[in-house]
Amino acid sequence: MPKETLLELENLHTHFLTDNGEIPAVNGVSLSLHKGEIVGIVGESGCGKSVTSLSVMQLVPNPPGKIVSGNIHFKDENIVKASQKRMKQIRGNEIGMIFQEPMTSLNPLFTIGNQIIEAIRFHRKISKKEAKQESIDLLKLVGIPRADEVIDEYPHQLSGGMRQRVMIAMSVSCDPDILIADEPTTALDVTIQAQILDIMRDLNQERETAILLITHDLGVVAELCERVIVMYAGQVVEEGNVREILKDPQHPYTKGLIRSLPKLHGDEQTLYSIPGTVPNPGLKKTGCQFAPRCEFAFDRCFNEEPELYNLGDKRTSRCFLYDKKEGDAAEHAESTLGS
Amino acid sequence: MQQNMQNLLLEVNGLKKYFPVRGGVFGRKVGEVKAVDDVSFSVMEGEILALVGESGCGKSTTGKAILRLSEPTEGEVKFQDQDVTKLSAEEMRKLRRNMQIIFQDPYASLNPRHTVEKIIGEPLLVHGMTSANERKQRVKELLDVVGLSPYHASRYPHQFSGGQRQRIGIARALANNPKMIICDEPVSALDVSVQAQILNLMDELRDAFHLTYIFIAHDLSVVKHISDRVGVMYLGRMAELASKDELYDNPKHPYTQALLSAVPDPDPDYQRERIILKGDVPSPSDPPSGCAFHTRCPYAMDVCSEVRPVFQEIEDNHYVACHLYSDTVQS
């Protein structure tokens with residue numbers, strides 16, 4: 001069953017140099033993406049999920065951002081130090097990307113057609129005419145009505161959902177192996193979001209495009225992904241199969257996150273809420289990053305940093321409760337949760 | 001929830017808000033955007049009425065028109081038997097003591113150059129608390145009520161996180177002990193863990209101060225959690241209005257059904273029939289004839305494109321504007 005690994009991040013560190021010192025936005029992230037797979041990265045704002053995806057594309061603004069250490073393997077190549085020339089070949093052609101805000105990612109001065117044709121002709125040697133025909137086909141593929149007219153329109157003439165479709169059409173124009181989607185539906189209404197998620201699922205099934213989906217919405221993850229990575233304060237805190245994570249989360253942060261969601265089905269009087277707020281990434285502290293907000297925290301959590309413990313079946317959790325040495329504490333937590 | 005809330009607090013009748021579209025060399029009026037087009041509902045004392053809908057459906061404009069932050073074009077807004085739309089500016093200022101608003105963006109709605117004390121103290125001063133000491137005391141009380149500490153009073157908004165800022169906004173709205181608060185997407189800009197904190201706080205405050213909320217939001221799960229009754233809006237019109245349980249368990253309007261089925265559910269085992277609507281929301285400057293939803297409705301009939309459906313009660317306290325149910329009422 002193990003499919004070809006397309007993308008592998010090894011202990012990636014991306015830091016931002018600011019007046020207040022060096023801020024580790026991504027602090028040792030490792031993950032992998034296989035052919036035809038949809039993997040979600042979830043977390044709240046500031047957890048480093050977007051910077052992780054930008055690092056892959058070498059799009060982190062430098063300065064102040066910098067990939068300090070780690071490796072990014074794309075197929076057989078380590079692209080962490082790849083030249084700008086090589087990155088230009090990769091971006092759009094082998095790895096496509098969709099951003100959250102479809103208005104700011106399209107150039108308002110050029111027609112839709114211009115922008116898609118440019119992307120196609122940058123990577124492939126075909127005539128303008130062919131490229132135009134292909135653009136129209138792509139727009140039809142993502143469900144844009146009157147595609148042959150829309151191609152001559154400007155971004156401001158389209159609605160948010162249409163713009164996001166154009167972005168998807170553009171990002172898959174060269175049939176990339178990987179599509180990185182950074183909050184692709186956050187700016188859209190629910191009925192439009194359902195349409196866009198449908199298109200992404202179709203692309204994944206028909207073209208075997210692997211998708212790395214970055215989102216804060218666990219509902220979207222449940223809808224689309226097979227595997228999910230939960231991030232907190234620049235680190236991966238839990239990873240596993242979507243079903244298992246949502247049904248039976250292991251890390252206290254994931255547990256809290258799921259419990260604090262208002263449910264559409266079910267009736268709860270008071271919502272559970274994780275006390276405190278996301279830590280300021282500038283403040284370095286020892287121990288587990290989540291410890292100050294964690295209801296199971298014990299002494300060790302404040303002094304030592306936990307590693308990602310393997311729970312078997314491709315599940316990991318960065319929590320001392322899963323360290324074999326802490327058997328008693330884990331049992332204690334188990335019983336607290338059960339009650 | 002509680003049934004002892006029979007007192008009518010607010011009544012909105014045929015509310016309309018049209019924005020002129022100007023064009024041409026002389027800036028003449030060339031059209032109208034019907035942001036709110038004939039909306040009626042009432043709010044009982046102590047209840048939470050939610051208005052939901054997608055962007056551009058007029059839910060925020062409705063909230064602003066009630067407070068006359070945006071002057072209504074037509075219609076009646078009765079607050080405690082007083083027609084708000086007919087009041088003078090001075091009378092309106094006095095009435096606003098009882099009707100407050102919390103905004104969506106906690107970053108844009110607080111003046112960055114004012115301290116928290118000044119921000120929360122301002123409405124107190126406006127409504128006659130002239131003693132600086134009294135104000136200071138009251139600000140401290142309010143900060144305590146919303147879960148901040150008294151020493152926060154001397155700080156500036158940029159020193160707070162998004163959730164804390166929203167707490168400041170809530171404290172400001174509470175300052176004069178209002179009867180009703182219009183909450184315009186109060187948790188949309190917040191992360192899930194913080195969102196839960198703010199929702200719980202709002203729930204507690206309602207019980208503690210006998211508040212009435214009009215809760216404007218687009219997130220149906222949040223609305224389900226907090227509200228007592230829910231109104232669904234589409235293109236400036238009310239499509240359906242019912243109690244929360246009735247609306248979520250037994251949605252009547254095809255738009256409500258589609259909206260509910262489109263919400264991604266974090267429960268991987270939850271099975272449902274997805275209704276995926278075609279196309280986009282039409283422009284409110286040129287809304288479709290008849291029923292505004294007929295262009296996307298899976299059940300559209302001939303009559304839908306011709307006659308605008310009446311917003312009527314088809315079951316006990318369940319209002320729908322849809323031709324599918326017009327027979328039910330007649331028979």
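Is Ala233(A) buried or exposed? That was my starting point today. I kept in mind that this is a predicted model.

**Entry 1**

I counted 22 C-beta neighbours inside 10 Å around Ala233(A), so I put it down as buried. The cut-off for that label is 20 or more other C-beta atoms within 10 Å. Ala233(A) sits in the loop between β9 (227-232) and β10 (235-241) of chain A. I also looked up its phi, which is near 50°, a positive value in a residue other than glycine.

Arg146(A) turned up with a phi near 50° too, again positive without being glycine. I found Arg146(A) in the loop between α4 (128-141) and α5 (147-150) of chain A. Here I got 10 C-beta neighbours inside 10 Å, so Arg146(A) goes down as exposed. I flagged these phi values because most residues other than glycine have a negative phi.

**Entry 2: cis peptide bonds**

Next I went through the omega angles. The bond from Asn62(A) to Pro63(A) is cis, with omega near -15°. The next note is for Pro63(A) to Pro64(A), where the peptide bond is cis with omega near 5°. I placed Pro63(A) in the loop between α1 (49-56) and β4 (65-74) of chain A, and Pro64(A) lies in the loop between α1 and β4 of chain A as well. They went into the notebook because most peptide bonds are trans.

**Entry 3: the open sheet**

What is the strand order in the open sheet of 8 strands? I read it off as β6-β7-β8-β3-β9-β10-β12-β11 in chain A, and the pairing is mixed. At the edges I found β6 (95-98) and β11 (309-312) of chain A; each has a single partner strand, so one side of each has no neighbour in the sheet. From one strand to the next, the twist averages 20°.

I then picked one pair out of this sheet. Strand β3 (residues 38-42) of chain A runs parallel to strand β8 (residues 210-215) of chain A, and 5 bridges join them. For Ile41(A), I noted Ile214(A) as the bridge partner in β8(A).

I also checked a helix against the β6 end. Helix α6 (residues 160-171) of chain A lies across β6 and β7 (178-182) of chain A. I have α6 running at about 170° to β6(A).

**Entry 4: α3 against α4**

How do α3(A) and α4(A) cross? I have the axes of α3 (residues 112-123) of chain A and α4(A) coming within 9 Å and crossing at roughly 115°. That makes α3(A) roughly perpendicular to α4(A). I logged the crossing as right-handed.

For the contact itself, I listed Gly113(A), Ile116(A), Ile117(A), Ile120(A) and Arg121(A) on the α3(A) side. Across from them, α4(A) brings Lys128(A), Ala131(A), Lys132(A), Glu134(A), Ser135(A) and Leu138(A). Sorted by type, the residues of this contact of α3(A) with α4(A) come to 5 nonpolar, 2 polar and 4 charged.

**Entry 5: the β1-β2 hairpin**

Last stop was β1(A) and β2(A), which form a hairpin with 2 residues between them. Strand β1 (residues 5-18) and strand β2 (residues 21-34) of chain A pair in the antiparallel sense, over 11 bridges. I looked up one position along the pair: Leu12(A) stands opposite Val29(A) in β2(A).

Conventions
Residues are numbered from 1 along each chain as its sequence is written. Chains are lettered from A and ligands numbered from 1 in the order in which they are written. This is a predicted model: local features need pLDDT of at least 70, side-chain atom pairs count only at pLDDT 80 or more; totals for chains, interfaces and linings use all residues. Two strands pair if DSSP finds at least two bridges between them. Helices (H or I, at least four residues) and strands (E, at least two) are DSSP runs, numbered from the N terminus. Axes are lines fitted to C-alpha atoms, for helices over the stretch in contact, and angles run from 0 to 180 degrees between N-to-C directions. Two residues are in contact if their C-beta atoms, placed from the backbone, lie within 7 Å. A residue is buried if 20 or more other C-beta atoms lie within 10 Å of its own, exposed if 12 or fewer, and partly exposed in between; C-beta atoms are placed from the backbone. Angles under 35 degrees count as roughly parallel, over 145 as roughly antiparallel, 65 to 115 as roughly perpendicular and the rest as oblique. A crossing is left-handed if the near helix is turned anticlockwise from the far one by less than a right angle, and right-handed if clockwise. Ala, Val, Leu, Ile, Met, Phe, Trp, Tyr, Cys and Pro count as nonpolar, Asp, Glu, Lys and Arg as charged, and the others, Gly among them, as polar.
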